[in-house]
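Student: Could you walk me through reading a structure like this one? I would like the general idea first and then the case at hand.

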Amino acid sequence: MQYQSTTQAQSLHNINVSRNLFVQRKMALLYFEINDFHLFESFFGSAVTLQAMDKANTCLHKLCSGLLRGFSEIKALDNSSHIIIFETDQPDPQAVVNLLVKIRPQVREEVNKVFFPLTGQKADLKAGYSFITNNGSTFQESIYKAAMQARQSSACKLELNELPLLQELRNIIELPGIKALYQPIMDFRTNNIIGWEALARGPENSQFHTPLALFDFAEDTGMLFQLERTCREQAIKSIGPLGRDQKIFLNIHPQTLVDPNFKTGETMRLLEQNGLTPDNVVFEITERHSTRNFTLFFESLNHYRQQGYMVAVDDLGAGYNGLFSVAEIKPDFIKIDMSLTRGVDSNPAKRALVEAIITFAEKMDAKVIAEGIETRNQLEALVAMGAHSGQGFFLARPEFPKPAPSFNFKAYIPKETLSNAKFFGRMKIRELTETTVAVARETKISSIKSYFEDEGDDNDPISAIVVCDNEIPEGLIMSHHLDQQLSNFYGVALYYSRDVTNLMDSSPLIVDADELVEQVANMAVKRNKYKYFDNIIVTDQGRYLGTVSVQKMLDTLTKIQVEIAKGVNPLTGLPGNTYIESAVESRIGKNGRKISIIYADLDNFKAYNDVYGFKHGDQIIQFMAKVLTWATRRHGLGDDFIGHVGGDDFIIITSTDKADRICKAIVRCFQRLGKSFYSEEDRKRGYIQAKNRDGQDKNFPMISISLAIVDCFENMTLNQISKLAAGTKKLAKSRPGNVFVRNRRLPADDGCAILPKGAAIAV
């Protein structure tokens with residue numbers, strides 16, 4: 001016979017079925033075709049469709065290895081279709097359709113993992129079946145006839161009414177065999193659980209254990225409303241007590257919402273029986289499905305809102321309706337689909353889209369819930385962008401009964417309190433570095449693509465891969481750049497089998513681990529715009545250490561700036577009391593280094609303030625901060641700490657051997673410049689007149705500075721340091737003029753020490 005398709009005929013000719021097997025065994029054939037494949041190809045190019053077919057092929061092999069026993073072979077007929085040939089005990093149509101129904105939704109899901117991110121559209125999958133008969137025709141002719149029959153059957157709706165699976169689904173609904181699991185939704189601002197999403201699971205060993213198989217089959221067989229009703233009942237009955245303001249999130253298909261049977265008040269009665277009210281319920285309307293009758297849909301929505309139910313739009317970013325319909329729905333919550341959450345920490349396009357959704361939600365007075373959070377990096381990125389709350393395996397897995405995680409959200413966010421060195425841009429880039437995959441130059445692009453796609457539950461998604469030669473980095477390849485190259489016309493055909501050097505960036509930004517974060521960030525943002533969000537490669541003595549994303553650096557610097565705004569003195573810009581205590585505690589007895597604390601205080605400052613006013617008083621405080629900073633930077637070490645306790649009280653933490661030199665520089669500077677803050681008349685007189693604490697007029701000398709140095713020893717407590725400082729400061733202030741004194745004594749048992757003779761030095 002003459003074949004209608006040369007490509008299909010050649011594919012069928014290469015099927016490795018021995019003639020003996022063909023003659024002796026009963027064979028069946030399943031047919032799968034991507035619907036409207038040629039439209040996808042013409043609009044989006046062959047690279048996208050080839051990737052989708054590759055996904056379908058991988059999925060079919062995986063499924064068939066678990067479902068089929070004996071001989072089976074999978075073959076791509078052309079760019080849009082696959083067939084599976086397998087031996088069967090008897091030509092039972094119901095058994096074959098049963099198998100077809102099991103495989104189809106999973107293959108469709110895998111195909112759409114490629115189509116949707118690249119095109120914004122989802123593809124459907126046609127499926128059909130036939131039996132291969134040995135009626136005297138040649139082997140190839142019999143296979144071809146069976147393939148054409150299966151193709152014809154795929155154009156018709158499968159007859160499922162008598163399918164054993166349908167009876168199984170009915171049994172699951174009626175028993176019921178549905179189990180409800182609950183996943184907490186965490187508030188990022190309060191670390192509280194705001195609600196629980198109810199998730200349905202079928203029986204453990206059933207074809208319908210997964211939600212994908214359960215709901216896809218129910219929709220195909222017209223059983224969706226009955227299934228959702230059972231899931232709703234199980235979720236409400238099993239939820240148990242809810243905390244104050246906590247809610248249960250129930251998934252509702254748009255078709256169910258407009259079903260007249262849904263308005264009978266069953267849900268309300270069920271809530272009352274379980275001690276709940278509509279205020280405890282949020283209907284999640286999935287955006288994965290189109291809404292055909294908008295008028296009826298919005299009427300139904302208003303009906304439930306008037307009763308007190310709240311509304312969430314689910315899977316935003318993974319469906320049909322888009323932001324316009326979301327604006328019409330005006331939901332209380334907007335749930336960002338996990339397809340956007342994955343890679344939000346490294347993919348600039350996803351990040352921009354999520355930020356836009358958050359801004360959009362806030363203008364609508366809606367709260368954003370990020371779904372599918374699986375890594376710490378994703379969590380940190382979402383918090384930095386302003387997402388209100390989230391859920392995902394990283395926070396807690398769905399469980400029954402409701403999991404009560406002792407999850408401390410704040411512990412997974414970069415520490416709020418950072419050292420003084422970090423405040424002033426001295427955090428080293430090694431502190432943000434994370435290890436990622438490193439490959440050799442010979443690695444194929446196909447393998448690189450597999451690395452990026454292999455995102456297991458226990459592994460962080462990979463966004464960057466470093467190319468090394470004997471631990472020396474030579475190039476970088478980013479997942480979003482690779483996707484862009486492969487999605488170009490003939491991109492897959494050109495590059496898929498070639499090595500990584502053909503697509504890697506051979507001149508990435510490479511920095512040493514001891515570079516400062518602020519400096520690296522400046523280098524990163526000065527790159528070509530095309531590389532703006534590319535990871536930075538970090539080396540230690542020239543050898544590969546890891547990578548850092550630009551976003552993580554910017555988020556860290558932003559957090560530091562926020563902390564500075566919260567913790568510094570607004571007048572001087574120096575760290576205040578919030579950080580002084582932690583700075584002292586973190587340095588005492590660390591790394592074997594001896595430290596000293598210098599306490600700085602002005603003499604006669606109140607009198608000056610009373611005479612010259614607060615504005616001039618603030619100017620002297622600012623001048624004092626500049627002098628202390630200048631002297632410490634000039635004569636101290638790079639990581640010395642300068643803090644502003646308040647008023648005219650300051651503190652410096654430095655190395656013991658640097659303290660004297662810093663103090664000498666400070667007192668000499670004050671002696672030389674302090675008089676410049678007085679009028680010419682007062683300078684000539686050498687004093688000012690002001691009222692003392694008793695309200696009597698008194699002559700006050702010009703402002704001077706008193707410095708008290710306390711040498712800190714290992715295991716000293718803050719209380720001991722404070723008592724030593726009090727005595728030392730008292731002695732310093734008893735001396736006229738600009739002076740510093742030093743205590744070199746170990747603390748006594750009561751925390752006090754007597755200064756030895758000659759311990760005070762006056763300048």
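Tutor: Gladly, and we can start with touching: a contact means heavy atoms within 4.5 Å. Leaving out residues up to four places away in sequence, D505 touches E474, G475, L476, K531 and D534.

Student: Before we go on, what kind of model is this, and how are residues numbered?

Tutor: This is a predicted model, in which local features need pLDDT of at least 70 and side-chain atom pairs count only at pLDDT 80 or more, while totals for chains, interfaces and linings use all residues. Residues are numbered from 1 along each chain as its sequence is written, and side-chain values use heavy atoms, with hydrogens and water left out.

Student: What is the mean pLDDT of the chain?

Tutor: pLDDT is the predictor's confidence in each residue, from 0 to 100. Here the chain has a mean of 80, and 83% of its residues reach 70 or more. Over residues 1-5 the value is below 50, and this stretch has nine contacts in the model beyond near neighbours in sequence. Residues 413-425 also stay under 50, with 36 contacts beyond four places in sequence.

Student: How many helices and strands are there in the chain?

Tutor: Both are DSSP runs numbered from the N terminus: helices are H or I with at least four residues, strands are E with at least two. The chain has 28 helices and 26 strands.

Student: What share of the 763 residues in the chain do buried residues make up?

Tutor: They make up 50%. Another case is C231, in helix α9 (residues 224-238), which counts as buried because its relative accessibility is 12%. Not counting residues up to four places away in sequence, C231 touches I178, A200 and F215. The C-alpha atoms of C231 and A198 are 8.6 Å apart, although 33 residues separate the two along the chain.

Student: Which residues have the most contacts inside the largest nonpolar core?

Tutor: A nonpolar core is a set of buried Ala, Val, Leu, Ile, Met, Phe, Trp, Tyr and Cys residues joined through side-chain atoms within 4.5 Å. The largest has 48 residues, and those with the most contacts inside it are Y182, I248, L250, L301, V354 and L382. A second, separate core of 38 residues includes A600, I620, V627 and A690. Returning to L250, its contacts beyond four places in sequence include A198, R232, V281 and F283.

Student: What is the strand order in the sheet that contains β16?

Tutor: Two strands pair if DSSP finds at least two bridges between them. This open sheet of three strands has the order β16-β17-β18, with mixed pairing. Its edge strands, β16 and β18 (543-548), each pair on one side only. β17 (residues 536-540) and β18 run antiparallel and are joined by five bridges, with I536 opposite V548 and I537 opposite T547. The two strands form a hairpin with two residues between them, and Q541 in the turn has a positive phi of about 55°.

Student: Which way do β10 and β11 run, parallel or antiparallel?

Tutor: They run parallel, and four bridges join β10 to β11 (residues 367-370). K335 has I369 as its bridge partner in β11. Along β10 (residues 333-336), F333 and K335 point one way and I334 and I336 the other, and all are buried.

Student: Which strands does helix α18 lie across?

Tutor: Axes are lines fitted to C-alpha atoms, for helices over the stretch in contact, and angles run from 0 to 180 degrees between N-to-C directions. Helix α18 (residues 445-453) lies across β13, β14 and β15, running at about 135° to β14. Those strands make an open sheet of three in the order β13-β14-β15, with mixed pairing.

Key:
Buried < 20%, exposed > 50% of the residue type's maximum accessible area, 1.4 Å probe, protein only.
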